Amino acid sequence: MTASPVDSARHRRLIFICVVVVCIALVVASYFVAASIARDNSRQAGDRQLQIIALDIESVLERYETLPFAISYLPMTAEALLHKEDGKLTQALNLSLQELAEQAKVAAIYLMDVQGNTIAASNWNTEQTYLGQNFAFRPYFSEALKQVKPGHFYAIGNTTNIPGYFISQPVYPPGSKRGSQAPIGVIAVKIILNEFEQAWGSSEEPIALSDRHGVVFLSNRASWKYHSLQNLSPVVQQDLKATLQYGGKHIESIAQLPLKDKKGYDDYLQRPIGRLNWQLMLFPDQGKAVRAGLQSALVVALILGIALAFAAVFDQRRRRLEEGRLAQRALKKAADELELHIAERTRQLTQANAELESRYLTLKQTENLLRSTQNEMVQAGKLAMLGQMATGITHELNQPLTAIRAFADNAITFMNRGKAEQVLANLEHISHASERMGSIIAQLKGFARKSPNAIAEVDVQTAIQSAVSLLRSETDRRGVKLSVHVDEPARVLGDTVRIEQVLINLIRNALDAVENSPVREVDVRLSSEQGMARITIADTGTGIPEHVAGHLFEPFFTTKEIGQGLGLGLAISSSIVQAMNGSLVADNRPEGGAEFTVCIPLADQASTS
């Protein structure tokens, strides 16, 4: 019986899962075995290293153990204690102690009386001499004097601030047997142990030496010094401060250090050392065990991977023929389905393209209609302005016409009288009046014609002067003081006619705003700042009401009476300015009235952007 493809696949999947589980188990086992072996090797190497270091330290300590004992037997030592007033004897002892300290290579040798006052010292001639210093508070002094035994102590020097190991011995009267009488003083030797720290500096693993309280005082990790392995009790803290063992420092535990400073503080090996219950500790690098485990796991994984790869190759060769046959059938089926799918998708895309093309044509027609409507609205706005300015323009043209008629009648009279000079003068007046009418009509024709939407450089000064000129008669008729400040030149990219249309509309609105004001003033200013031409039109009217400000630039919104406007002026002006990449804003002035500001990019800025 031939197994079905489903059963074969399930069987292969089960075998694959079992193989993967076995491989993972082997890799994990190899990691733990290798890590355990590396950890044991590391501990054995650490024990050997601790043994060597401990022997070095103990040999140094024992080397100097008899030095204070020998010095205490010197007759000069006891004599100096009995005759402290003898300066020559004291100086001779100072010199002897100095020579002994240099030969023995110790930091200091000094002699103290029963009150703890130093009467002789090897460092008698240094700035940090012990002479005159009192060390009665040190445990090594009380042990030698009161307990009549050698004193041992490690502390930071109270005078030199240099840490060291102190060995002391009691001094007895000359000729007396040790212990038969009370000591008359104490001799002490200070040994510097910093050379061990320098030797430990080559070790990558932390090494530390702690006292009986667990306070580290020597280590190749500087941040661990004068920190404890565990939190100290208040009694111990007080005892350390009383003896100034560590300079009165408050001792905190290493666990409280920042993470980077307590790196390597983990399981450690320890070995007792010295006479003060010191503990020599080495902190093996746990990363070595991890790295060894990872290396072993990687090797096992690589071997298993190679084996699995060979197995997969053989299995692949066996399955290739079967899969090839199945693949051919599946490929033919997929090709048929793909052909049907492509045909359906092509039909959908063709239909979508036709719909998009139809929508594009509709949008194009709508855009052309909107553009045409906008142009017609702009032209209608201009014609509406011309209609509103008709009275002023009629008055402006009527004055030169009246003057022409009067000068013509006068010229006829003077001609009949034969006065040629007066005739010539009247004709010149007629010529000037005609020129004035021609200028007004030319401005009206230029303003009324349809703009070709041609973009060119526009002199804003000229545009403001033209707009003001067209409205000058209306300004005079209404009795409004129109101030124009356009001393600073400015050129922008745009349409001259449309810029003039915006200015005329804003100035006429300002004239309407001051119609009923006690002070009728309109101020037009031109300035350039931050690459923009800034035109401000301010009036002394009542300002813009709060409920009107939000609708000011909406089409067909107006506060004027019926027949005085369609509400399109500001909407058209805003759209014209926005088309030139500018802005039109309105605000109320602090001193009263409204202020409209037009900002348009200068020509050099617009051309580079």
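These questions and answers cover salt bridges and a nonpolar surface patch in a predicted model.

Biologist: What should I know about the numbering and the rules of this model?
Modeller: Residues are numbered from 1 along each chain as its sequence is written, and side-chain values use heavy atoms, leaving out hydrogens and water. The model is predicted, so local features need pLDDT of at least 70, totals for chains, interfaces and linings use all residues, and side-chain atom pairs count only at pLDDT 80 or more.

Biologist: How many salt bridges are there?
Modeller: A salt bridge here is a side-chain nitrogen of Lys or Arg within 4 Å of a carboxyl oxygen of Asp or Glu. By this rule the count is 15.

Biologist: Which residue forms a salt bridge with D336?
Modeller: Both partners lie in helix α8 (residues 286-388), four residues apart, about one turn of the helix. Helices are DSSP runs of H or I, at least four residues, and strands are runs of E, at least two, numbered from the N terminus. The closest N and O atoms are 3.6 Å apart, and the partner is K332.

Biologist: Is K332 buried or exposed?
Modeller: Buried means under 20% relative accessible area, exposed over 50%, and partly exposed in between (1.4 Å probe, protein chains only). D336 has 39%, so D336 is partly exposed. K332 has 56%, so K332 is exposed.

Biologist: How far apart are N and O in the salt bridge of R478 and E515?
Modeller: R478 is buried at 13%, whereas E515 is partly exposed at 32%. Their side chains meet in a salt bridge, with an N to O distance of 3.2 Å.

Biologist: How many residues apart in sequence are the parts that this pair ties together?
Modeller: R478 lies in helix α11 (residues 460-478). E515 lies in the loop between α12 (496-513) and β15 (521-529). The parts tied together are therefore 37 residues apart in sequence.

Biologist: Which residues are linked with R478 and E515 in a network of salt bridges?
Modeller: The network includes R478 and E515.

Biologist: What is the area of the nonpolar surface patch made by L302, I306, F310 and F314?
Modeller: Patch residues have over 30% relative accessible area and no salt bridge; like charges are joined within 9 Å, nonpolar side chains (Val, Leu, Ile, Met, Phe, Trp, Tyr) within 5 Å. Accessible areas come from the Shrake-Rupley method with a 1.4 Å probe, and for residues only the protein chains shown count as cover. F310, in helix α8, is exposed at 54%. The patch area is about 470 Å².
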